[in-house]
Amino acid sequence: MKLIVTVVQDKDAPRLIEDLVGAGFRATKLASTGGFLKEGNTTLLVGVQDDEVDKVLDIVRATCRSREQLVTPLTSSGGAVDACVPYPVEVLVGGATVFVLDVERHVRI
Ligand code: 2BA
């Protein structure tokens, strides 16, 4: 068995959950925050049989998309003002960051 941990953008989460559950998978949604942007995102836990991993990845690929986001870097304190003016920069936030982990034991009580 595998545990698929998927970090996605909040905008894509409702449809992804709907499509996963619609395809017969079980999913747990966690509210999470990206370490870099410090903005909310969604982490899904999906426990599946080994041969179902690719099907889940196909659903994630079909549902989640990359988006460009403007980020304003924090200024450093103490430097010359003109060297520290924070210009927004664009980062490409991925459609999904996926980790596939081996599950040692799965018990439903
Ligand atoms: P954040 O950490 O908020 O990162 C959002 C986006 O900012 C990233 O998109 C990437 O394009 C950019 N970024 C992140 N760290 C950066 C850095 N040190 N320098 C420059 N740009 C940086 P994604 O790579 O698609 O990641 C989307 C979200 O997935 C992340 O949100 C984080 O919550 C999660 N994530 C990504 N990689 C991860 C990892 N190795 N471990 C745990 N969570 C991860």
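Leaving aside neighbours within four places in sequence, Asn-41 is in contact (heavy atoms within 4.5 Å) with Val-7, Val-8, Asp-10, Leu-30, Ala-31, Ser-32, Thr-33 and Gly-34. The model is predicted: local features need pLDDT of at least 70, side-chain atom pairs count only at pLDDT 80 or more, and totals for chains, interfaces and linings use all residues. Residues are numbered from 1 along each chain as its sequence is written, and side-chain values use heavy atoms, with hydrogens and water left out.

**Asn-41**
- Asn-41 counts as buried because its relative accessibility is 17%, where buried means under 20% relative accessible area, exposed over 50% and partly exposed in between (1.4 Å probe, protein chains only).

**Helix 2**
- The buried residues of helix 2 (residues 53-63) are Val-53, Val-56, Leu-57, Ile-59, Val-60 and Thr-63.
- They sit on the same side of helix 2 because they cover an arc of only 160° around the axis, taken from the directions from the helix axis to the C-beta atoms.
- Asp-54, Arg-61 and Ala-62 are exposed, on the face turned away from the buried side of helix 2.
- Cover for the buried residues of helix 2 includes strand 1 (2-8), helix 1 (13-22), strand 3 and strand 6 (96-102).

**Whole protein**
- The protein has two helices and six strands, in the sequence pattern β-α-β-β-α-β-β-β.
- Of its 109 residues, 28% count as buried.

Notes:
Helix = DSSP H or I, 4+ residues; strand = E, 2+ residues; numbered from the N terminus.
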